[in-house]
Amino acid sequence: MDIHEILQYLPHRYPFLLVDRVVSCEPGKSIVALKNVTINEPFFVGHFPHHPVMPGVLIIEALAQAAAILSFKTMGTRPDDKSVYYFVGIDGARFKKPVSAGDQLTLEVEITRSVKGIWKYAARAKVDGAVVTEAELMCTVKAL
């Protein structure tokens with residue numbers, strides 16, 4: 001999926017859209033997406049000026065956005081103005097290496113369970129094949 005199709009599956013827009021491309025997506029199973037981290041990211045101005053590092057919470061958010069695309073593809077639908085995709089839990093989050101400008105995050109998300117509208121995922125972010133962040137995510141779609 002290119003950015004134009006991604007925009008149809010995520011309500012996020014700059015500066016909070018954190019998925020640039022989807023490399024592969026197998027609905028009901030898994031997704032692999034990319035986030036190109038550039039020095040122009042607005043968070044680098046303050047995090048940290050002397051040593052720019054992508055905030056861990058934004059890496060988790062990028063994983064959640066990839067998970068949202070996977071869930072919508074699995075359901076065969078797209079978000080609309082009457083629904084929102086929320087976190088309901090984050091377990092076992094680990095940050096193994098800092099992510100810097102120039103890195104490309106590979107976002108790997110697998111559905112581990114979906115019960116009563118709650119989706120659970122195993123999520124990993126990698127840079128150059130090395131895991132930089134991992135977590136179990138739980139999300140749901142809610143009507144507004």
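A pocket is an open set of grid points where a 1.4 Å probe fits, with protein on both sides within 12 Å along at least five of seven lines. In this predicted model, the largest pocket holds about 170 Å³ of space. The model also contains an open sheet of six strands, and helix H2 lies across strands S1, S2, S3, S4, S5 and S6.

**The sheet**

- The six strands follow the order S1-S2-S4-S5-S6-S3, and their pairing is antiparallel.
- Strand S1 (21–26) and strand S3 (83–95) are at the edges; each has a single partner strand, so one side of each lacks a neighbour in the sheet.
- From one strand to the next, the twist averages 20 degrees.
- Strands of a sheet pair through backbone hydrogen bonds.

**Strands S4 and S5**

- Strand S4 covers residues 104–115 and strand S5 covers residues 118–127; the two run antiparallel and are joined by ten bridges.
- Leu107 has Ala125 of S5 as its bridge partner.

**Helix H2**

- Helix H2 spans residues 56–75.
- The strands that H2 lies across include S2 (30–36) and S6 (130–143).
- Relative to S3, helix H2 runs at about 130 degrees.

**The largest pocket**

- The lining of the largest pocket consists of 14 residues.
- His12, Glu61, Ala68, Tyr85 and Tyr86 are the lining residues that lie nearest the centre of the pocket.
- H2 and S3 are the elements that give two or more residues to this lining.
- By class, the lining has ten nonpolar residues, three polar residues and one charged residue.

Methods
Residues numbered from 1 in each chain as written. Predicted model: local features only at pLDDT ≥ 70, side-chain atom pairs only at ≥ 80, totals over all residues. Heavy atoms only, no water. Pairing = 2+ DSSP bridges. Helix = DSSP H or I, 4+ residues; strand = E, 2+ residues; numbered from the N terminus. Axes fitted to C-alpha atoms, helices over the stretch in contact; angles between N-to-C directions. Contact = heavy atoms within 4.5 Å. 1 Å grid on protein atoms, 1.4 Å probe; cavity = no way out; pocket = protein on both sides within 12 Å on 5 of 7 lines; lining within 4 Å. Points joined across faces, edges and corners; volume = space filled by probe spheres on them. Nonpolar A, V, L, I, M, F, W, Y, C, P; charged D, E, K, R; others polar.
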